[in-house]
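Please examine the sequence and the structure shown here before reading further. The paragraphs that follow lead from a pair of helices to aromatic rings, and then to individual residues.

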Amino acid sequence: MLFMSSNQYKKPNYLHSSSPYYLVIPIFFRNFVTTVTVTTVTKHNVYMKFYNRTNELAELQRIQDLSFTDHSRLTVVTGRRRIGKTSLIMKAVEETPTVYLFVGRKNEATLCTEFIPMITQSLNIYVPDGIKTFRSLFQFLMEQATTKTFNLVIDEFQEFYNINEAVYSDLQNIWDQYRLKSKMNLIVSGSVYSLMQKIFQQSKEPLFGRADNIIRLSAFNLPTLKEIMHDYRPQYTNDDLLALYAFTGGIPKYIELFCDNRTLSVTEMIDFMIRENSPFTDEGKNLLIEEFGKNYATYFSILSAISGGINTQPEIEAALGNKSIGGQLKRLIEDYNIIARQRPILAKEGTQNVRYEITDNFIRFWFNYFDRNRSLIEIKNFTGLRSIVKADYPTYSGKILELYFKQQFAESFQYRAIGSWWDVKNGENEIDIVALKLEKNKAVIAEVKRQKKNFKPELLDTKVEHIKHKLLAKYEIEKRCLSLEDM
């Protein structure tokens with residue numbers, strides 16, 4: 001099993017009746033590395049290896065130590081589905097007494113009935129059978145924490161909104177009452193970003209201000225992707241690496257599916273994704289409907305437009321029949337964390353020269369091909385869809401290569417600002433990457449091409465002169481062409 005140590009905790013299967021597939025895997029936290037495990041298979045043996053992601057585990061260990069020696073702490077772990085929140089948490093607490101509670105969408109009394117034997121087994125204590133509310137169960141656990149130290153992990157914490165919203169007020173009252181006289185390490189996690197934001201960061205919510213730490217998990221970084229490719233496909237090409245980045249965005253679950261099935265070339269990945277009963281076919285829809293709820297149609301239309309290159313507000317509104325979408329764009333950025341505003345580098349905050357971009361590579365790909373070609377999927381013409389993706393891949397991956405190099409620049413920690421630049425009055429004066437170095441008045445300007453043979457130095461020279469005149473007159477500029485060779 002990929003990305004999982006031999007003693008790694010797994011959620012019981014019965015907790016996943018609503019999911020098409022599941023694997024607990026550790027995660028990558030932006031700009032840092034935490035321990036993950038990869039199974040390397042040879043003809044003779046299977047052995048485990050850890051990738052070094054020590055900072056997040058160290059932080060969780062630090063919080064646990066404070067909880068057990070001082071007083072109770074509350075940590076929130078959040079991030080999109082398939083990012084590995086549970087795995088990271090359970091790795092951090094695996095050597096200490098831990099109660100793990102998964103909040104399924106069930107009746108509250110039924111949940112409590114299921115939780116009682118778990119608590120009994122985890123802490124080796126007697127729990128009264130008559131507890132039918134989570135309020136009473138949580139109070140019981142807090143009372144236990146006045147005399148013993150343990151971790152309480154509550155997974156999919158946002159589900160209480162669908163079960164009994166009053167639970168959050170009850171928890172706030174009990175937590176405030178017991179926090180300073182108990183020694184519980186309370187960790188809650190949730191996959192619905194907007195609801196987790198609301199629970200802990202909106203001032204009117206009962207648990208606002210109660211979290212001692214909030215850890216937001218991001219995807220694998222580029223060195224980790226390279227290491228995984230090296231372990232599972234030592235002969236990989238840079239185009240294979242780019243495809244893994246383009247199709248998964250570094251999300252561990254999707255990478256694990258490719259690695260488990262030994263499909264890590266460009267063609268193999270496309271064939272594996274686009275077939276009957278593929279786990280990728282409805283993944284984007286399932287992922288986002290959880291966030292958007294029943295009123296998802298307008299959000300899907302906006303994301304579909306952006307994925308197709310319609311990326312300014314007037315253009316998107318026109319594509320949607322002149323529908324006003326300012327509110328939805330704001331929520332997609334602030335509440336759902338799915339798109340971002342892109343301005344020309346060094347542009348003022350209030351500039352109207354704004355483009356919108358999907359920040360998740362998998363969602364971008366899903367809308368481009370699965371959502372846009374739903375009619376082919378409905379008639380099971382996966383052969384036709386595979387042909388479309390393979391023919392379009394060189395063009396599609398060119399834009400993703402630009403995102404790859406921007407991330408590569410960011411992960412080098414040598415720059416204070418990284419972006420693109422375009423002159424709204426002259427579309428020809430668009431520059432793929434402008435990166436301002438930490439050293440004063442030094443910048444890198446790069447054109448990104450899949451193949452270096454397509455690079456035109458004289459055209460970049462013209463663009464550099466234009467941006468120097470407009471914006472970077474005092475800068476010493478290094479010009480580069482970045483291609484697949486430079487990955």
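To compare the directions of two helices, an axis is used, which is a line fitted to C-alpha atoms over the stretch in contact. The model discussed here is a predicted one. In it, helix α13, formed by residues 297-307, and helix α15, formed by residues 326-334, have axes that come within 11 Å and cross at roughly 80°. Because of this angle, α13 counts as roughly perpendicular to α15. On the side of α13, the residues that take part in the contact are Thr298, Tyr299, Ile302 and Leu303. Their counterparts in α15 are Gln328, Leu329, Arg331 and Leu332. Sorted by class, the residues of this contact are five nonpolar, two polar and one charged.

Attention may now turn to the aromatic rings. The structure contains 31 aromatic pairs. One of them joins phenylalanine 365 and tyrosine 396, whose ring centres are 5.9 Å apart and whose planes form an angle of 70°. Planes over 60 degrees apart count as edge-to-face, and this pair is therefore described as edge-to-face. Phenylalanine 365 belongs to helix α16 (residues 361-371), whereas tyrosine 396 belongs to helix α18 (residues 382-411), so the pair ties together parts that are 31 residues apart in sequence. Are these two residues buried or exposed? Phenylalanine 365 has a relative accessible area of 1% and is buried. Tyrosine 396, at 10% relative accessibility, also counts as buried.

Another pair is formed by tyrosine 404 and phenylalanine 405. Their ring centres lie 5.7 Å apart and their planes stand at 90°, so this pair is edge-to-face. Both tyrosine 404 and phenylalanine 405 are buried. Elsewhere, aromatic residues are gathered into a cluster, which consists of Phe115, Phe134, Phe138, Phe157, Phe160, Tyr161, Tyr168 and Phe200.

Lysine 181 is placed over the face of tyrosine 178, at 5.0 Å from the ring centre. In a further example, arginine 355 has its charged end over the ring of tryptophan 422, at 4.0 Å from the centre of that ring.

Helix α18 also includes phenylalanine 409. With a relative accessibility of 4%, phenylalanine 409 counts as buried. Which residues does phenylalanine 409 touch, not counting residues up to four places away in sequence? They are Tyr415, Ile418, Ile433, Ala435, Val444, Arg480 and Leu482. For one of these, alanine 435, the separation in sequence from phenylalanine 409 is 26 residues, while their C-alpha atoms are 7.8 Å apart.

Leucine 346 is not a glycine, yet its phi is positive, at about 70°. Leucine 346 occurs in the loop between β8 (339-342) and β9 (355-358). Its relative accessible area is 44%, so leucine 346 is partly exposed. Asparagine 441, likewise a residue other than glycine, has a positive phi near 60°. Asparagine 441 is located in the loop between β11 (426-437) and β12 (442-448). At 25% relative accessibility, asparagine 441 counts as partly exposed.

Definitions and conventions
Residues are numbered from 1 along each chain as its sequence is written. This is a predicted model: local features need pLDDT of at least 70, side-chain atom pairs count only at pLDDT 80 or more; totals for chains, interfaces and linings use all residues. Side-chain values use heavy atoms; hydrogens and water are left out. Axes are lines fitted to C-alpha atoms, for helices over the stretch in contact, and angles run from 0 to 180 degrees between N-to-C directions. Helices (H or I, at least four residues) and strands (E, at least two) are DSSP runs, numbered from the N terminus. Angles under 35 degrees count as roughly parallel, over 145 as roughly antiparallel, 65 to 115 as roughly perpendicular and the rest as oblique. Contact means heavy atoms within 4.5 Å. Ala, Val, Leu, Ile, Met, Phe, Trp, Tyr, Cys and Pro count as nonpolar, Asp, Glu, Lys and Arg as charged, and the others, Gly among them, as polar. Rings of Phe, Tyr and Trp (its six-membered ring) pair if their centres lie within 6.5 Å; planes under 30 degrees apart count as stacked, over 60 as edge-to-face and the rest as tilted. Buried means under 20% relative accessible area, exposed over 50%, partly exposed in between (1.4 Å probe, protein chains only). A charge sits over a ring if NZ of Lys or CZ of Arg is within 6 Å of the ring centre and within 35 degrees of the ring normal.
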